[in-house]
Structure formats: structure tokens, C-alpha cells
Amino acid sequence: MRLGLRLLFAFFLVNGIAAFFLLRVFMGEIKPSAREVMEDMMVDTAHVLAELASDDLGSGRLHRADANDSRFAQHLHQYAQRDVHARIWGMDKRSLDYRIYLIDASGRVLLDSQGESQGQDFSQWRDVILTLRGEYGARSTRAVAGDDTSTVMHVSAPVWVDGRIAGVLTVAKPNRTVQAFIDRAENKLLVQGLWMLGLSAAVGVGVTLWMVWNVRRLRSYAQQVQSPQEEPLAPPPEVPRVPGELGDLAQAMEQMRLRLQGHAYIESYVRALTHELKSPVSALRGAGELLQEDLPEADRRLFATQVVQQSERLQHLIERLLELSKLEQRAPQHLEAQTDLLACVHQAVQQVQARAQQRGLALAVQGEGGLGPWDAELLALAIGNVLDNAIDFSPAAGRIDIMVDAVSVTVRDHGPGVPDYALPRLGERFYTTARPGGERSGSGLGLAIVRRVMALHGGLLRVENAQPGLRVTLDLRR
């Protein structure tokens, strides 16, 4: 299972369990809490009415046949006839729901606000029994057997006459009268709970996507740096900017990349340099050993010349290595000054003019060039290296064409060209191809320097066979 799915599943699991128990607790507490509040109000009401009924009960008026003519009975009748229209927190109330009983000490009903239970024996009801004992009496009874929605709550209070309990006043109220408030509260809680779940889910998805996105950026970055390039021509991958511990991990990966790249660069450099130095060092050693012996003058001059040539080769190799090393340590820079590309070409041509004349080669410059934010010294160095290669591969008394436009320089010789398999590798350090006529090959660092210069300018080096010859283009487009 992918990381994103795991995080999302874990978030929904934890959030769902928490929401389930939270909603269950709240939903389970609404109905009991509402009934507890209702019971508390009924207790106060029962005690107030018990106090109001004590005079009529003590005087005996409620025990006579005309009990309904007593003052307390008349008040109860008037209460039942009242017209009520109240709006309670958005809910309309159009009826009075209290049913009031007055019961004597034997448990017989003296008064019933609805006139249905007068004369009946209520002595078996729990609320009446407990209240006559001086305890708190209350009960909840179904009006219809088996129907939980028909339950009626009864709360009783003692009626005191001359310091003794002379009767019981019971206030009854159907639980369904507050059911609308309970249902509304439950619906509101359910809706709010669903909104909470939805918002939590959105937050969870957002956090998961953010985490997965940053982890994928780190993974992509790690995939780019796990195989460091042998030469840092292309700009390194940008370190992902992520906060917190992920940012620390990205910085640690960047340090690892630098170390790996340094190790690979040194390893490649040493391996290639050792290979390049092997031939001239062997030639110098062989010539030196022979020069220690007595040799004819012609042989002595031959080996001495070989020593000088190999020494010059080593010197040239070292100079090119130093140039390339400085360029590889140099970071790309944004230059404000404008450089004339044609002037750089003429500077490079002037530097190689003597070599070209020795070979009888004509250097033909065409085009007007252009201006750009370039380093004139580096461009002249790159163009000069390309011209050196062209001179080495051109046939004697030949021609080298140099085309200059606003943002590129193209050098074409008319030599044998390069095998197609070798084209992609031109520009690698120490990679060379055989010169025409079996002449000594170069160090392979010239085009490596050119590639680095182009990388510093954000440009490209393109090499292609021109049939005949080779066409090398320095493209400075960004």
C-alpha cells in the first residue's frame, strides 16, 4: 500500500472512531438531559401547587362532593382552559401540557385537572407511595402499553397540613411534549457532526496530499542524485524546499549528493588522467634509458627529440587540466555587460592564425555577430579550442569556415569527420579520435573545455558530420 493511502486510511480510521464515540455520547445524552431538566422544573411546580392546595385540603373542602367548586379546583379548571401561543427558540407551543392530581393520604384521587381519574385509587403508584413516606416520589409510565413514545413523567410533592402529610400533589407531563426539542437538537448535532467529519476529511486529504507531494519531491530528487554525473556540466538538481524534518532530510541528501559527486568526479578524473599519462611517461622512460647508453648521433637526436615532444605533450595536458579544473569550479554568473560575439571570434582567430598558416589553411569568417551578456575571455577560449581541433583535422592547404550570427558560432572543417558512434562522446574528458594521417591524437580536453564554457553560459555544444568535414556549433541561446 502506498504512503498516501496509508496516511489517509490511518487519518480516517482515527477520525472516524473519535467522531463515532463523540457523536454517540452526545446523541445519547440529549434525551436524558432534556428529561432531567423537565423533571427539575416539574419538582418546583409540584411543590408550588402543593403549597397552594394545602389550605383547601386542610379545610376539608376537597373531601366533599362539591370539591370541584373549591377555589383550588377552579384555578386548575381555568388553567386547563387557557389559550397559549408561545414561540420557544423557533418552536411553537399551543397547549398546556401539565396534568395535575391531588391525592389524599389514603391514595384516593380528589382532583384531576382533566376530570378523568377522580375517585380512583392511586395508592399503588410509586410516586404516591414514596411521597406519603416523606421521600422524593417520581415515576415515568407508558400511557399506551408497549409504546415508548407515550411515556408520561409524574413528579409528586407532599401537601403539608398542620405539620403532617395530608396528601400528595402530582404533576404529570408527557415526554412527547419535549420530543420536538430533542429531535431538533439531535438533528442539529448530526448535521454539525457530518460537517465536522467532512471538514476533517478535507483536512486529512489536504495534509496527506501535502505530505505525499513533498515525499515525492524528495524521492525524485534522490533519484536524480543517486547516480552522480562524472563531470558537473549540467546544473545540479534543485534542492526541494520543504519545511520541518523533511527540509532537514533534503539538506542531508544535498550534502550526500555533493560528497558522492566529488568522489565520482575524483575517481573518474584519476582514472582518465592515469590512462593519459601512461603513454608519455612510458615513452620518456624508454627514451631516457636508451639515452644512458652509447648511441649513434642520429639515434641520440631521435630519442632526445622524443623526450622533448613527450614533455611538451605532458605540459600541454597539465595546462589543459588546470584550465578545465578552474572552469569546473566556476559557477554560472549573470553578466550585465554586453559582449560582441564577432569580436570574440576575431580574437580566437588571431590566436590560432600562426598554426593555420603553417598548415596552409584559410580561416574564413562570415556573419555580423551580435551582442549578449557573455564572458568575452571564456568565449574566445572556447572558440579557439574548436579552431584548434579543426586545424588538426583539416587537410593541408584547406579551408575552415566560421559562420557567426547573433547568438551562435559555427566552425566547419573539410576533414574526414568523426565516426557516428563517437559523436555523442565528443566533449568527454580524455576522449579522442585518431587524427588523419596517423598523427598523434590530442588530450581530449579541448572540447571538454568548450562544453564547460557553454554550460556556464547556459548554451549548448552541437557536433555533427558535414560530409565532408565536421560542423561544430556553439549555441548561446538560453
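The model is predicted, so local features need pLDDT of at least 70 and side-chain atom pairs count only at pLDDT 80 or more, while totals for chains, interfaces and linings use all residues. Residues are numbered from 1 along each chain as its sequence is written, and side-chain values use heavy atoms, with hydrogens and water left out.

Reader: Hello! How many helices and strands are there in the protein chain?

Author: Welcome! Helices (H or I, at least four residues) and strands (E, at least two) are DSSP runs, numbered from the N terminus. The protein chain has nine helices and 14 strands.

Reader: How are helix 7 and helix 8 oriented to each other?

Author: Helix 7 covers residues 341–358 and helix 8 covers residues 376–393, and they pack with axes 8 Å apart at an angle of about 40°. Axes are lines fitted to C-alpha atoms, for helices over the stretch in contact, and angles run from 0 to 180 degrees between N-to-C directions. Angles under 35 degrees count as roughly parallel, over 145 as roughly antiparallel, 65 to 115 as roughly perpendicular and the rest as oblique. Helix 7 and helix 8 are therefore oblique.

Reader: Is histidine 457 buried or exposed?

Author: Histidine 457 sits in the loop between helix 9 (446–456) and strand 13 (460–465). Buried means under 20% relative accessible area, exposed over 50%, and partly exposed in between (1.4 Å probe, protein chains only). Because its relative accessibility is 4%, histidine 457 counts as buried.

Reader: Which backbone nitrogen does the side chain of histidine 457 reach?

Author: This is a polar contact, meaning a pair of N or O atoms within 3.5 Å; within protein, one must be able to donate a hydrogen and the other to accept it, and residues adjacent in sequence count only if both atoms are side-chain atoms. At 3.0 Å, the side chain of histidine 457 reaches the backbone nitrogen of aspartate 375.

Reader: Why does asparagine 465 count as partly exposed?

Author: Asparagine 465 lies in strand 13. It counts as partly exposed because its relative accessibility is 23%.

Reader: What is the length of the polar contact between the side chains of asparagine 465 and aspartate 420?

Author: Leaving aside neighbours within four places in sequence, asparagine 465 is in contact (heavy atoms within 4.5 Å) with residues including Val418 and Asp420. Its side chain reaches the backbone oxygen of valine 418 at 2.8 Å. The polar contact joining the side chains of asparagine 465 and aspartate 420 is 3.1 Å.
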